[in-house]
Amino acid sequence: MEKFQKFTGVVLPMDRANVDTDQIMPKQFLKRIERSGFGQFVFYDWRFNEDGTENLDFELNKPEYRGATILLARRNFGSGSSREHAPWGLADYGFRVLIAPSFADIFYNNTFKNGMLPIVLSEEIVQELFERATRYPDYEMAVDLEGQTLSDAYGLALSFEVDAFRKRCLLEALDDIGLTLEHEPEIAAWEKANS
């Protein structure tokens, strides 16, 4: 996991509600056991036609959104089954920030553990962001996790909430193993005393 402090990226507006983990990472790709290499399968059933060619109507295949790293969606993003492959794929594809009015709980938790920042904003603000992403070509936003702000080159300045513990983990690139290793001296002392 890499540290997340300040980040600027192209916004992909995915104007869909209730995008579930089966759509983010279809079931046929769940056989792999490693955590990498899933980016190529993200939204596979939407990105590709039955003959394997790209579906040029799908947002991610449009030239202006290739390489997008901020995903903007409608409510209840990441619903459905709790498969962790969905955030693995989004992170591997290159998404660092997800913005929506709401996320499914398990998916929300898994995004933090995979180095992504999910940001919950009101329906009205999300609608404004969709309008900006449509109005301005190659629309980019800047995310400052330390200051908990979003901004763009057109006067946008918003604040967002994030849990202090999760914020620290992203800022310091701490996953569950990293958090455990912070207590390595105490663990070693206990093992020495109890061996």
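User: Buried means under 20% relative accessible area, exposed over 50%, and partly exposed in between (1.4 Å probe, protein chains only). At what relative accessibility does Q148 stand?

Analyst: This is a predicted model, so local features need pLDDT of at least 70, side-chain atom pairs count only at pLDDT 80 or more, and totals for chains, interfaces and linings use all residues. Residues are numbered from 1 along each chain as its sequence is written, and side-chain values use heavy atoms, with hydrogens and water left out. Q148 sits in the loop between β5 and β6 (149–151). Q148 counts as buried, at a relative accessibility of 16%.

User: Which value does phi of Q148 come near?

Analyst: Q148 is a residue other than glycine.

User: Is N76 buried, exposed or partly exposed?

Analyst: N76 lies in the loop between β2 and α3 (85–93). Its phi is positive too, near 65°, and N76 is not a glycine. With a relative accessible area of 27%, N76 is partly exposed.

User: How far apart are the end C-alpha atoms of helix α5?

Analyst: Helices (H or I, at least four residues) and strands (E, at least two) are DSSP runs, numbered from the N terminus. The expected span is 1.5 Å times one less than the number of residues. Helix α5 has 13 residues (123–135), so it should span 18 Å. The model agrees: the end C-alpha atoms are apart by 18 Å.

User: Which strands do the buried residues of α5 pack against?

Analyst: The buried residues of α5 are V126, L129, F130, R132 and A133. They cover an arc of only 165° around the axis (directions from the axis to the C-beta atoms), so they lie on the same side of α5. On the other side, E124 and T134 are exposed. The buried residues pack, by contact (heavy atoms within 4.5 Å), against β1 (6–14), β2 (70–73), β3 (97–100), β5 (140–144) and β7 (157–159).

User: Which residues is N110 in contact with, leaving aside neighbours within four places in sequence?

Analyst: N110 belongs to helix α4 (residues 105–113). It is buried, with a relative accessible area of 11%. Beyond those neighbours, its contacts are S82, E84 and P87.
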